[in-house]
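Here are some notes to read alongside the model, for anyone opening it for the first time. Have the viewer ready and follow the points in order.

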Amino acid sequence: MSSLQERLGALSPVTLKGIRRGIEKESLRAQADGALALTPHPAALGSALTHPHITTDFSESQVELITGVHAGVDACLEELTQLHQFTYQVLKEAGNEMLWVSSMPCGLPTDETIPIGLYGSSNIGRSKSVYRMGLSHRYGRRMQTISGIHYNWSMPDVSSEAYFALIRNFRRHAFLLLYLFGASPAVCSSFLAGRAHELQTLNEHTMYMPYGTSLRMGRLGYQSDAQASIAVSYNSLDGYGASLQDALTRPYPAYEAIGVRNPGGDYNQLDTSLLQIENEFYGTIRPKRVIQPGERPLHALRERGVEYIEVRLMDLDPFIPVGITAQTMRFLDVFLLHCLLADSPPDTPQEIAETSHSRDRVAARGREQGLRLERDGREVLLTDWGMELMEAFVPIAARLDAVHGGTQYRQALMAARAGLADASTLPSARVLEVMAREFDNSFIRFARAQSQQTRRALLSLPFPADMQARFRAMAQQSIEDQKKVEAADTVPFDIYLQQYLSPERLGLPGALPRAA
């Protein structure tokens, strides 16, 4: 603790005020009856390829809203709210669709009917669609419809080495975030069609885990046997880059069997490697660097270092119109600052296995009284470990309050401690309680009602004409930008793909070619 206190004390107010954050939020477009909307991405939202703030994730039916980088929590949430307001305005004008407020999907059609994202005729647009086709062959489309919130975070003067230390500590302690903020304990049975699972039946169309917190982050979510074979090291940028490069260049027999093209000549996937591109690697947290046009993400990291980290395990909170609260964001700031400042020894294969087991256990059984997690070869109570972390967070919250004024960081910490003391107050418990009390234990009926309520709440907020005009102009500009991208292509798609996927573009140590 003393070394943490010393490191905290060494940070200037300017550095602490220099913390930056941004949010990426995915949501399915759903019909009024709770079924997946199969319509194209609304043209009035702009181009999904080039709009800086409104795009799609895996599916054409999956909207992704992206804030800019913000110095303040409230300013970040204000932009996220405005993005929602504009999106809902467009959806209202086009019909009756709404954004699904749960991380686990709405009523899904057959797997092959779920539409993958379309990004126009440019080489980069086509490659994005082919990548998604590859995901559908490798993991199935249902899994890709799971939605969440990504929290991007940085602080000035943090080295790549220090960011990797943060990442190691985050992976050690991520169980606490799953416990506190997991909000997906139940799912529509249509999601489980043809899949082995350990869920229990709640009603005719709803499956659940009685003490589950986040099915999204458990074995039903973004996990696969193929990716489990990737031995990623988080002990250094060099080690991380080497393990990622191996996965990006090593052929994988099951994917070789799929083939790059189908008999008709259409692309099944980008290539047959264990990972098609860097973004396919599913982790609870990623080191990131803004890329230059045409640059590979791994090349950017190797050449210019880690710029920020991306937290990827946050569920959508179905009780909150934009999916996350300012209080949760402030707790994340405290949590991440602790991960950065606390001692962070190198990870080991044993510890990596323990953190994986803990994640699965908390996702499936996190609210179970007396639940124990593996730690350094022995088992400890989740609540004891959580309270130990809460104590370590106290000086960090106090320091952030001292820098920013007020008591909001300490209040965020107090709310989290209350959740640790009483699991019935957690979002995952509230979901099941409201489902039972008001919706006859139906996940679809609950999430549909929450989605409709959210739609009404966001449409009722003031949305000045000048703000509407600004968003419409941004959407129109993105359409023009897509046309420019399409007009600028100079090589056939096959050649573009061959060049982009070349191992030399990954920035091999000692020979880091600049992006074309």
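1. Glutamate 280 is buried, its relative accessible area being 0%. Keep in mind that this is a predicted model.

2. What does the side chain of glutamate 280 meet in a salt bridge? The partner is arginine 138, at 2.9 Å from N to O. Arginine 138 sits in helix H4 (residues 123-139), while glutamate 280 is in the loop between helix H9 (253-258) and strand E9 (285-288), so the pair ties together parts 142 residues apart in sequence. Arginine 138 counts as buried too, because its relative accessibility is 10% and the cut-off for buried is under 20%.

3. Another salt bridge joins glutamate 307 and arginine 289, at 3.6 Å from N to O. Here glutamate 307 belongs to the loop between helix H10 (297-304) and strand E10 (308-314), and arginine 289 to the loop between E9 and H10, so parts 18 residues apart in sequence are tied together. Glutamate 307 is partly exposed, with a relative accessible area of 32%.

4. Next, look at glutamate 388 and arginine 375, whose closest N and O atoms are 2.8 Å apart in a salt bridge. Glutamate 388 is in helix H13 (residues 382-404) and arginine 375 in strand E11 (residues 372-375), 13 residues apart. At 43% relative accessible area, glutamate 388 is partly exposed.

5. Some salt bridges share partners: Arg286, Lys288, Glu310 and Arg312 are joined into one network this way. In total, the structure holds 29 salt bridges.

6. Now for isoleucine 230, in the loop between helix H7 (225-228) and helix H8 (237-249). Is isoleucine 230 buried or exposed? It is buried, with 10% relative accessible area. Leaving aside residues up to four places away in sequence, isoleucine 230 touches Ser243, Ala247, Leu274, Leu275 and Phe281.

7. A search of the whole structure turns up three cavities of 30 Å³ or more. The largest holds about 50 Å³ of space, and helices H6 (160-181) and H12 (349-365) are the elements giving two or more residues to its lining. Among the lining residues are Arg168, Asp347 and Glu351. By type, this lining has five charged residues, one polar and one nonpolar.

8. The second largest cavity has a volume of about 40 Å³. Its lining includes Lys25, His84, Trp100 and Thr454, with strand E1 (20-30) and helix H3 (73-94) each giving two or more residues. This lining divides into five nonpolar residues, three polar and one charged.

Methods. Residues numbered from 1 in each chain as written. Predicted model: local features only at pLDDT ≥ 70, side-chain atom pairs only at ≥ 80, totals over all residues. Heavy atoms only, no water. 1 Å grid on protein atoms, 1.4 Å probe; cavity = no way out; pocket = protein on both sides within 12 Å on 5 of 7 lines; lining within 4 Å. Points joined across faces, edges and corners; volume = space filled by probe spheres on them. Helix = DSSP H or I, 4+ residues; strand = E, 2+ residues; numbered from the N terminus. Nonpolar A, V, L, I, M, F, W, Y, C, P; charged D, E, K, R; others polar. Buried < 20%, exposed > 50% of the residue type's maximum accessible area, 1.4 Å probe, protein only. Contact = heavy atoms within 4.5 Å. Salt bridge = Lys/Arg side-chain N within 4 Å of Asp/Glu carboxyl O.
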